[in-house]
Amino acid sequence: MTLQYRAYLVGEDGVFRSAEAFEAPSDASALVFARQFTRQGNVEVWQLDRKIGLLKQGSPAETA
């Protein structure tokens, strides 16, 4: 079973700049997948209304 997630690219002002929807089998897998988006900045990963974690550009995942 896969779950729906979104990775939100967060601008320097804290405002979401863009979002990428994707599916993953678990929260841990979602964080690994979303890591690719940190090349453009910090990324918040959400599953529906539940924040999974914050991936900072150039650092390991921080879970919520």
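# Close-up views of the predicted model

**View A. Phe-16 is partly exposed, because its relative accessibility is 39%.** Buried means under 20% relative accessible area, exposed means over 50%, and partly exposed lies in between (1.4 Å probe, protein chains only). This is a predicted model: local features need pLDDT of at least 70, side-chain atom pairs count only at pLDDT 80 or more, and totals for chains, interfaces and linings use all residues. Residues are numbered from 1 along each chain as its sequence is written, and side-chain values use heavy atoms, with hydrogens and water left out.

**View B. Tyr-8 sits in strand E1 (residues 3-10).** Helices (H or I, at least four residues) and strands (E, at least two) are DSSP runs, numbered from the N terminus. Tyr-8 has 21% relative accessibility, so it counts as partly exposed. Beyond neighbours within four places in sequence, its contacts (heavy atoms within 4.5 Å) are Phe-16, Ser-18, Ala-19, Asn-42, Val-43, Glu-44 and Trp-46. Leu-31 is 23 residues away along the chain, and its C-alpha atom lies 12 Å from that of Tyr-8.

**View C. Four aromatic pairs are counted in the model.** The ring centres of Tyr-8 and Phe-16 are 4.5 Å apart and the planes meet at 20°, so this pair is stacked. For Phe-22 and Phe-33 the centres are 4.6 Å apart and the planes stand at 35°, so this pair is tilted. Phe-22 belongs to strand E2 (residues 16-24) and Phe-33 to helix H1, so the pair ties together parts that are eleven residues apart in sequence. Rings of Phe, Tyr and Trp (its six-membered ring) pair if their centres lie within 6.5 Å; planes under 30 degrees apart count as stacked, over 60 as edge-to-face and the rest as tilted. Phe-22 has a relative accessible area of 6%, so it is buried. Phe-33 is partly exposed, because its relative accessibility is 37%. Ring pairs join Tyr-5, Phe-22, Phe-33 and Phe-37 into a cluster.

**View D. Helix H1 (residues 27-34) has Ala-30, Leu-31 and Ala-34 as its buried residues.** Seen down the axis of H1, these buried residues fall within an arc of 100°, so they line one face of the helix. The arc is that of the directions from the helix axis to the C-beta atoms. Ala-28 and Val-32 are exposed on the other side of H1.

**View E. The largest nonpolar core holds 13 residues, and those with the most contacts inside it are Tyr-5, Phe-22, Ala-34, Val-43 and Val-45.** Two or more residues come from each of E1, E2, H1, E3 and strand E4 (50-55). A nonpolar core is a set of buried Ala, Val, Leu, Ile, Met, Phe, Trp, Tyr and Cys residues joined through side-chain atoms within 4.5 Å. Residues up to four places away in sequence aside, Val-45 touches Tyr-5, Arg-6, Phe-22, Ala-30, Leu-31, Ala-34, Arg-50, Lys-51, Ile-52, Gly-53 and Leu-55.

**View F. The model has two salt bridges.** A salt bridge is a side-chain nitrogen of Lys or Arg within 4 Å of a carboxyl oxygen of Asp or Glu. Asp-27 and Arg-50 meet through their side chains at 2.9 Å, N to O. Asp-27 lies in helix H1 and Arg-50 in strand E4, so this pair ties together parts that are 23 residues apart in sequence. Asp-27 is partly exposed at 26% relative accessibility. Arg-50 is also partly exposed, with a relative accessible area of 37%. The side chains of Lys-51 and Glu-44 form a salt bridge at 3.7 Å, N to O. Lys-51 is partly exposed, with a relative accessible area of 34%, while Glu-44 counts as buried at 15% relative accessibility.

**View G. Thr-38 lies in the loop between H1 and E3.** Thr-38 counts as buried, because its relative accessibility is 7%. A polar atom of its side chain lies 2.7 Å from the backbone oxygen of Arg-35. Not counting residues up to four places away in sequence, Thr-38 touches Val-43, Leu-55, Lys-56 and Gln-57.

**View H. Gly-41 is in the loop between H1 and strand E3 (42-47).** Gly-41 has a relative accessible area of 7%, so it is buried. Neighbours within four places in sequence aside, Gly-41 is in contact with Leu-9, Leu-55 and Gln-57.

Terms used. Polar contact = N/O pair within 3.5 Å; in protein donor to acceptor, adjacent residues only side chain to side chain.
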